[in-house]
Amino acid sequence: MDRVDVLVVGAGVIGLAIAREFAMAGKEVVILEAQSSHGTGTSARNSGVIHAGIYYPTGSLKAQWCVRGRHLLYEYLVSHHISHRRTEKLIVAGGAESSRLEQIYATGHANGVTDLRMISGQEARGLEPGLVCDIAIHSPSTGIVDVHELMNALLGDAESHGAMLAVDSGFEAAMYANGRWESQILGQRVASDVLVNAAGLDAAAVAKRISGFPSEHIPRMFFAKGNYARLNGRSPFSRLIYPVPVPGGLGTHLTLDLGGQAQFGPDVEWLPTPDSEQSNRGLHRVFDYAVTESRLKHFESDVRTWWPGLPDGALSPGYAGIRPKLAGPGEPAADFLLQGPQEHGLPGLVNLFGFESPGLTSCLAIAQAVRATV
Ligand SMILES: Cc1cc2nc3c(=O)[nH]c(=O)nc-3n(C[C@H](O)[C@H](O)[C@H](O)COP(=O)(O)OP(=O)(O)OC[C@H]3O[C@@H](n4cnc5c(N)ncnc54)[C@H](O)[C@@H]3O)c2cc1C
């Protein structure tokens with residue numbers, strides 16, 4: 001049986017950051033990826049936004065790791081010459097919603113996002129002439145990143161410190177025996193001191209395959225699809241524009257990619273909970289990522305509340321990503337759930353459940369927290 005120090009299940013941006021963190025600390029690491037390449041899951045289907053850390057409840061893991069992760073990420077992007085841009089962001093409101101901005105501003109400030117500025121609608125229009133709003137928050141530290149370049153750099157760092165990525169290698173099962181984890185992959189067994197479950201959408205299914213894992217520690221998962229619409233033609237905005245958040249997401253906002261292409265979304269489309277047969281197959285095979293024309297109607301009306309000049313027929317279906325959520329429709333948003341031995345009682349095992357946004361921004365801070373857990 002092969003033996004390593006750390007086995008990481010899942011080669012998304014979080015699994016790769018964790019693998020890098022352990023490898024750079026001198027540990028022998030293997031990363032298992034079920035797909036034929038790293039970074040094809042949720043990490044390839046998001047907005048690519050480096051969030052400032054404004055919205056999350058103060059003291060939550062999301063707030064702490066987003067703010068810390070954002071600082072770490074910008075340093076990393078600069079030192080590794082990874083494409084990114086501090087686009088800045090405006091959160092805009094009009095009418096009755098204006099009072100919610102005060103609350104958002106106060107939360108952001110309490111979270112350590114100290115560069116926010118409350119600005120008038122007139123000042124906002126001076127920055128972005130297409131906007132209609134009464135008031136806005138200006139966030140100078142929000143940005144965008146090329147997520148694939150980031151993942152390649154994380155993997156490169158991990159590999160140059162001896163880590164190995166095994167693709168087409170789905171984790172099948174594990175048991176704790178003789179003071180170590182024995183995991184089964186493609187009929188072979190690998191022993192490790194540490195087992196990290198960073199399987200994203202499939203994290204609960206992976207935890208169910210760990211023999212002896214207490215079932216009360218496997219959370220109920222909910223899945224919310226986020227559909228994007230592309231803006232045909234040039235974007236009139238150079239900053240990211242967000243309305244006030246809606247339940248389950250951040251509202252139909254405008255983000256930009258590094259080529260200047262604008263997109264709107266993601267919206268929130270709750271999906272039926274997969275059954276156990278579907279979960280066993282792997283959820284990327286079960287979920288439908290197609291974006292239908294019929295969803296674009298909602299986008300047009302939402303966007304016109306702050307950009308009335310959106311031309312008719314300017315939107316076309318874009319891509320979609322799916323959020324692994326720990327709270328369902330109508331429930332208050334849940335925090336990230338990082339479970340180590342202190343929580344579930346099994347040595348050397350770490351599970352990551354519900355790592356939706358801001359997981360990309362937070363990846364380097366999450367990796368440090370995972371290493372500190374075991
Ligand atoms: C619509 C949307 C927009 C978002 N926008 C942002 C944003 O702008 N900024 C931000 O900070 N965050 C954002 N996020 C969140 C961010 O994308 C995620 O937090 C992050 O990508 C999660 O990374 P991950 O490594 O946990 O998961 P993934 O990227 O999904 O990686 C998990 C990997 O595990 C693999 N796997 C699954 N089962 C197995 C198995 N049995 N064996 C081996 N491998 C397995 C999968 O194939 C996959 O490659 C967004 C998320 C969504 C859905």
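The protein is divided into domain 1 (2-47 + 148-219 + 334-373) and domain 2 (86-142 + 221-325), with bounds that come from an automatic or database domain assignment. The structure is a predicted model, in which local features need pLDDT of at least 70, side-chain atom pairs count only at pLDDT 80 or more, and totals for chains, interfaces and linings use all residues. Residues are numbered from 1 along each chain as its sequence is written.

Taken over C-alpha atoms, the centres of domain 1 and domain 2 are separated by 29 Å. The contact between them takes 17 residues from domain 1 and 15 residues from domain 2, where two residues are in contact if their C-beta atoms, placed from the backbone, lie within 7 Å. The side of domain 1 that touches domain 2 has eight nonpolar, six polar and three charged residues. In this classification Ala, Val, Leu, Ile, Met, Phe, Trp, Tyr, Cys and Pro count as nonpolar, Asp, Glu, Lys and Arg as charged, and the others, Gly among them, as polar.

The ligand is surrounded by 41 residues, and the closest are Gly 10, Gly 12, Gly 41, Gly 200 and Gly 359; a residue is near a molecule if its C-beta atom, placed from the backbone, lies within 6 Å of it. Two or more residues of this shell are given by each of α1 (13-24), β18 (315-325) and α10 (359-373). Helices (H or I, at least four residues) and strands (E, at least two) are DSSP runs, numbered from the N terminus. By class, the shell has 17 nonpolar, 20 polar and four charged residues. Domain 1 and domain 2 both give residues to the shell, so the ligand lies between them.

Of the 15 residues of α10, 11 are buried, among them Gly 359, Leu 360, Ala 365 and Val 370. A residue is buried if 20 or more other C-beta atoms lie within 10 Å of its own, exposed if 12 or fewer, and partly exposed in between, with C-beta atoms placed from the backbone.

Helix α3, with 13 residues, reaches 19 Å from its first C-alpha to its last, close to the 18 Å expected at 1.5 Å a residue. Tyr 105 is located in α3 (residues 98-110) and is partly exposed, with 19 other C-beta atoms within 10 Å. Apart from neighbours within four places in sequence, Tyr 105 is in contact with Leu 116, Met 118 and Ile 137. The C-alpha atoms of Tyr 105 and Ile 91 are 9.7 Å apart, at a sequence separation of 14 residues. Just after α3, Gly 112 takes a positive phi of about 100°.

Val 147, in helix α5 (residues 147-160), is buried, with 22 other C-beta atoms within 10 Å. Beyond four places in sequence, its contacts are Val 13, Ser 43, Ala 44, Asn 46, Gly 48 and Leu 360. Val 147 and Ala 44 are 103 residues apart in sequence, with a C-alpha to C-alpha distance of 7.2 Å. Met 164, in strand β9 (residues 164-166), counts as partly exposed, with 14 C-beta neighbours inside 10 Å. Met 164 and Leu 7 are 157 residues apart in sequence and 9.8 Å apart, C-alpha to C-alpha.

Most residues other than glycine have a negative phi, and most peptide bonds are trans. A cis peptide bond joins Ser 357 and Pro 358, with omega about 10°; Pro 358 is in the loop between β20 (349-353) and α10. Another cis peptide bond joins Gly 265 and Pro 266, with omega about 0°, and Pro 266 lies in the loop between β16 (262-264) and β17 (269-270). Glu 88 has a positive phi, near 70°, in the loop between β4 (84-85) and β5 (89-93), and is partly exposed with 17 C-beta neighbours inside 10 Å. Phi of Leu 186 is also positive, near 50°; Leu 186 lies in the loop between β11 (180-185) and β12 (188-197) and counts as exposed, with 11 C-beta neighbours inside 10 Å.

How values were computed: The expected span of a helix is 1.5 Å times one less than its number of residues.
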